[in-house]
Amino acid sequence: MLAAGWFLAAGELWDTSVPADLARPTLDESDYFTATQYDEAHDYQAFLRITDLLGILAGLAALAFFALKGASFARESAAGRIGTGMLLGMLALGCAWLAQLPFGLAAHWWERRHDVVAQDQDYVDFLINDFLSVGGEFLFVSLGLLIVMTLAGIWRRFWWFAAAPALLIVMLAFAFVSPYLIPGLDPLRNERVAADARALASAEGVSDAPVQVQRVRELTSAPNAGVTGIGPSEKVIVWDTLLGQFERPEIRVVLAHEFGHLGRQHVWKLVAWTALLALPIAFAVWLATRRHGGLSEPAAVPIAVFVVAALLFLVSPLDHAFTQRLETEADWIALEETRDPDAATRLFQRFSAIALAEPRPPGWADLLLDDHPTVMERIEMAEAWRVLRGSTD
Amino acid sequence: MSDGQIRIVSRDDLERGRWSVFFRFFLAIPHLLVVGAWGLAVLFMAVINWFAILFTRRPVPGNMTVHYLRYLTQVDAYLNLAAQPFPGFGGGGSPYAVDLEFPVPQEQNRWKTAFRLVLAIPAVLLGTAFGAAGVQAGGGSARVSLGLIAGAAFLGWFASLVRGRMPDGLRDLIIYGVGYSVQVAAYLLLLTDRYPNSDPLDPDYGAPARTDHPVLITSSDDLRRSRLTVFFRLLLWLPHLVWLILWGIVTMFAVVANWFVTLFAGLPAEGLHRFTARYLRYWTHTNAFLYLVSNPFPGFGGREGSYPVDLEIAPPARQNRWKTGFRVVLVVPALIIGGALANVLSLVAVFGWFTGVFIGRMPPGLRNLGVFALRYQAQVAAYFWLLTDQYPHSGPTLELRDEAAAAPQAA
């Protein structure tokens, strides 16, 4: 019954407003990109794919090693059961970070070499920022362990069932506060773009959501935008690199895409999806740790962290498929709202040229590493919309 | 002394002449001129000695640097009010109220000599925090604060003018600071290759150590450090930071409530006292962890006896209503010293981080300095938060009670 409910909920979340019978043409990338552009993007992304994948595997190997040896670090704690568990959880993540660091450095070198990352972002900056970003992970794992170890101390056999809703609350809290933690935000000052944003937000029924511009120009040349927050805290964030490099119709497509996320409650869906995945993962952790005294014991924490990381890696294709569906739906809404497939196509072409996004990466990489549809899939979506709706306005 | 360490010794009786104190800086000007001029000669001598030690492992014969350092110590102590008599010129002759003990000259290590300037960097940095001013930079801003010695002398000047007597805590703090600075100078001037010892328990402060304060610190730390937890120490502290903030907000209300209770009843409320004391203990545990003064990850409850670096906080006692009423003003001098010690504590953490990561141990001198700084800051907080109306003791001598307690057992 639990499994049936799980699949039912997953099915509900999986559903999108993209027409099920939409026939996407298979386009030839050479019609949209020059051979030089294609090769450059391919070479750039191929290296990053390797460093990403090796980084993930190195992190998993470090966590596996820590699962075997890490319990001995309990002697470095004067805290009680849960505090010691927090320490071990944080150290596990720290070891994974150390193992991944060389690959991160290699990727940073590669991005600098291709001017995707600003040249003044040297290796010391990278190291400091990367090190400090681990602090957020430490806080998150500490809070997570506080919750699950408390639950495991109360319900030794069924804590995993209560853990998913408890983690859901935590994720909602994080989602709510995250917009307030983003640095370098300015109001959208371009009047014409702001007028476009108001019109699009109104059409999507999210007029209350503000659009803010994040200053990232000194860090990267890559363009980007996104939504963050839930309820009263939700907002659209556009990088200044996007506003500076793209035409107004293309920016309209981006804004419509982001308002599509908000209008279709994608942040809520994503949180619910993560909570849904958390349930079987928590069950697996319970199975894996029960021979070590259960997750109420700090010694089981290194094993639990490894199991969670390994399972997250294993379900990443499913997870990415889900997020790609949400992105596809947002693309579709953007086309419906702007009725401008040419602008959408130009946007993706230019995006690929600036950020060196490979138009059609290998299938395995799309499955394992990408949470967005490929550039060609997005262009094909624009063509499919043109065919379905007949013409542009 | 056989370990090659220069040691500062005090025989000062704390009595001060008000006129002499009032004009202390002007009175010291002739000495400062001599120190400056003589310093140039000593510097030149150090260059010669550098070559001499590299070739023969010994400096050239002569006592010029020894006399200079003695003189420098005497002038420094006089200028900063750690001593009363006007020092003689020359650094020789009979012992001064604050003086130096020198080890028997020994052969020096050539490698340590060759790279002396590089090796001295950590000691010089720590010495600057003891000196006239400390600079803290970070987050795109920088602030300049009084160094330990200058801060203590500044406050001691007012106290001596009013009372005709130097507070023993401030005097001892200055002696400790001067002693360390002189050790750094001796190391740089190649008088010894013994690295400066930052242990605040090492100087001979003269008078018996004070042990009477309602807030005392205990340390059973074994100096061992886990490399992995040291490496990630700052980040591992983050959950504690969150808890410190949340608990701190509640404690702030408890302190305000206790202020009214203490003002009207003359005695803090026991429940509020216990609550605040527990928070202060937790604060000390987490800071000991953050600044590498101790090794284990602390618990979140601030329970007494749960951590190697711990606080002993006396139960609530009657407090002077005037001191309670004006506590916010009265605490300011202690905050000045506390600020200087915060700079020192940051350096303890930085140097402790490197030694912890590379050799898995904390140098005892640095650890003891950290314990002293934490104790003082805990006393400042205890005073501010109405756990006691006894003023924080700025001298490092309170920690000597552990040594005194251990001495009979060792014998």
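1. In this predicted model, Val227(A) has Val236(A) as its bridge partner, and Val236(A) lies in β4(A).

2. The two strands β3(A) and β4(A), the latter covering residues 235-239 of chain A, are joined by 4 bridges. They run antiparallel.

3. Which order do the strands of the open sheet in chain A follow? The order is β1-β2-β4-β3, which makes a sheet of 4 strands with mixed pairing. The edges are taken by β1 (185-187) and β3 (225-228) of chain A. Each of these has a single partner strand, so one side of each has no neighbour in the sheet. From one strand to the next, the twist averages 35°.

4. Helix α12 (residues 270-290) and helix α16 (residues 364-384), both of chain B, have axes that come within 11 Å. These axes cross at roughly 155°. Angles over 145 degrees count as roughly antiparallel, and α12(B) and α16(B) are therefore roughly antiparallel to each other. The crossing of α12(B) and α16(B) is right-handed.

5. Which residues of α12(B) meet α16(B)? They are Leu280(B), Trp283(B), Thr284(B), Asn287(B) and Ala288(B). On the side of α16(B), the residues they meet are Leu374(B), Ala378(B), Ala381(B) and Ala382(B). Sorted by class, this contact between α12(B) and α16(B) has 7 nonpolar residues, 2 polar residues and no charged residues.

Technical notes: Residues are numbered from 1 along each chain as its sequence is written. Chains are lettered from A and ligands numbered from 1 in the order in which they are written. This is a predicted model: local features need pLDDT of at least 70, side-chain atom pairs count only at pLDDT 80 or more; totals for chains, interfaces and linings use all residues. Axes are lines fitted to C-alpha atoms, for helices over the stretch in contact, and angles run from 0 to 180 degrees between N-to-C directions. Angles under 35 degrees count as roughly parallel, over 145 as roughly antiparallel, 65 to 115 as roughly perpendicular and the rest as oblique. A crossing is left-handed if the near helix is turned anticlockwise from the far one by less than a right angle, and right-handed if clockwise. Two residues are in contact if their C-beta atoms, placed from the backbone, lie within 7 Å. Ala, Val, Leu, Ile, Met, Phe, Trp, Tyr, Cys and Pro count as nonpolar, Asp, Glu, Lys and Arg as charged, and the others, Gly among them, as polar. Two strands pair if DSSP finds at least two bridges between them.
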